[in-house]
Amino acid sequence: MDKYIEIKNLSKSFDETKVLINLNLNIKKNCISCIMGPSGTGKTTLVNIMMGLIEADSGEINGINPNSIGVVFQEDRLIEHLNAVENIYVVNNKTQSRENIISQLNFLGLNKEDIEKPVKNLSGGMRRRVCIIRAILFECETIIMDEPFKGLDDSLKKKVINHLVNNRKGRTILVITHDLNEAKELNAEIIDFTR
Amino acid sequence: MKINIQNKKKNKRIIKILSVSFWLFIWFVLSSIINMEIILPSPYKVVITLLELSIKKDFWISILLSSSRIIIGFLLALIVGIIMAIISCNLWVFETIIDVPMKLIKVTPIASFVILALLWVKGKNLSVLISFLMVMPIIYTNVKEGIKTTDAKLLEMARMFKIKKINIINKIYIPSIMPHLSSAITVGLGFCWKSGIAAEVIGIPKKSIGFNLYEAKINLMTKEVMAWTVVIIIISIFFEKVVFFIVERWRIKWINT
């Protein structure tokens, strides 16, 4: 079994803008890695290629199964009229019970009242936690998270990070973040995208 | 705040009643000035005529037959419009082929359709065909718009998380289509009444509202023409309210389940 997700000579342009130019990178599997760097350096583009959402112009990625990825997108991408439990249950209905989903949501600070509301009525921080639990509970080999902790205050962020680490179950986790403290809290390997 | 909203609602209702009374008054004054029933009968005379008509069995049979034909046309348009929109969104060749007749139907005058259709179908089925033809493009266009404007990022999320197709339809597509479908139904219903009755006036099938309107017109029975027009307006508003109520209930139920 591969120890790394191998990215070889990966390039991607949008119109005239070259976002990734011959990128070579090895990402340790079954570990937590943080991709860090300023905006516009191609972090989101890279993970979108890894997830198969966009195609690279050239190059290849080996060692990742695009059919087994749980995601926390940069935008929440929740089904707005459904409540938190149903948003998670709809992607995990074979593997998770509603009771387990509720207990996870409770653990991250969403009370009964919050859980029953359509997610469109939840605060940004609550919505983010719903997204994170949705990805954690999804049965997959890799979890990709694009700025997953934005909108969370420091104490809540700590709690969410601990929950993520405790429920990793040996999976590869790739987190895009601007915050070095988050990377430290996650005890993650840092991949620097600063050019 | 609550009292304010209630007062506003009450005031709106009073203004509505006053507005209707104002126009009835204008009608009454005009009919008194003209003083010729054949040109403009008074509202009172029209109401009396309506009451006289309503005690006849044929009056109710005409309403029932016309309504059922128009509603059949409407329901057919609803079903076919939705199916065609779904196919169009999945098959661009079909969409390209079907877009031309849809646009043509939209810009063709009802009268041209009715006269053409009279060559193909019997008078009594004309209103079914015409209501169908007038409403179907509205349903088709709106449902297609609803499908196409479904949040692409949400669909991407569904793909990543392997959400079942049935859940994608139920929880993502249908809530996106519903507002479009709801407005298409409201607009389409009004349209199908107008076009359906117009078709009956030209096709003159026996025991229909259109036939009665036509008969009243050629016999210069203006009171009857206006009484039947009032009937058409009442039925049209009634159906619009009932259907809107059903659609809204269904939409809310769908979202809640």
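1. Two residues are said to be in contact when heavy atoms of theirs lie within 4.5 Å. By that rule S54(B) touches F59(B) and W60(B), once residues up to four places away in sequence are left out of the count. The structure discussed here is a predicted model, in which local features need pLDDT of at least 70 and side-chain atom pairs count only at pLDDT 80 or more, while totals for chains, interfaces and linings use all residues. Residues are numbered from 1 along each chain as its sequence is written, chains are lettered from A and ligands numbered from 1 in the order in which they are written, and side-chain values use heavy atoms, with hydrogens and water left out.

2. To stay with S54(B), this residue belongs to helix 2 of chain B, residues 43-54, where helices (H or I, at least four residues) and strands (E, at least two) are DSSP runs numbered from the N terminus. At 21% relative accessibility S54(B) counts as partly exposed; the scale calls a residue buried under 20% relative accessible area, exposed over 50% and partly exposed in between, with a 1.4 Å probe and protein chains only. Between S54(B) and I252(B) there are 198 residues in sequence and 37 Å in space, taken from C-alpha to C-alpha.

3. Chain B as a whole has ten helices and zero strands, and its C-alpha trace spans about 75 × 60 × 30 Å along the principal axes. Of the 257 residues in chain B, 40% are buried. Among the contacts in chain B with a separation of 6 or more, 71% come from residues 24 or more positions apart.

4. The interface deserves a careful reading. In it, 15 residues of chain B are in contact with 22 residues of chain A. The area buried between chain B and chain A, that is, the accessible area (1.4 Å probe) that the two parts lose on being put together, summed over both, is about 1,700 Å², and carbon and sulfur atoms give 68% of that area. In chain B, the residues that lose the most area to chain A are M160(B), F161(B) and K171(B), which together account for 41% of what that side buries.

5. In a salt bridge of 3.2 Å, N to O, the side chains of E75(A) and K153(B) meet. The elements that give two or more residues to the side of chain B that touches chain A are helix 7 (152-160) and helix 8 (165-203) of chain B, and the largest share of that side, six residues, comes from helix 7. Sorted by class, the side of chain B that touches chain A has eight nonpolar, one polar and six charged residues; here Ala, Val, Leu, Ile, Met, Phe, Trp, Tyr, Cys and Pro count as nonpolar, Asp, Glu, Lys and Arg as charged, and the others, Gly among them, as polar.

6. Most residues other than glycine have a negative phi, and most peptide bonds are trans. K162(B), although not a glycine, has a positive phi of about 55°; this residue is found in the loop between helix 7 and helix 8 of chain B and is partly exposed, with a relative accessible area of 42%. N9(A), also not a glycine, has a positive phi of about 45°, and its place is in strand 1 (residues 4-14) of chain A, where N9(A) counts as partly exposed at 41% relative accessibility.

7. A last point concerns D76(A), whose place is in the loop between strand 5 (69-72) and helix 2 (84-92) of chain A. D76(A) is buried, with a relative accessible area of 15%, and touches R127(A), R128(A), C131(A) and R134(A), not counting residues up to four places away in sequence.

Terms used:
A salt bridge is a side-chain nitrogen of Lys or Arg within 4 Å of a carboxyl oxygen of Asp or Glu.
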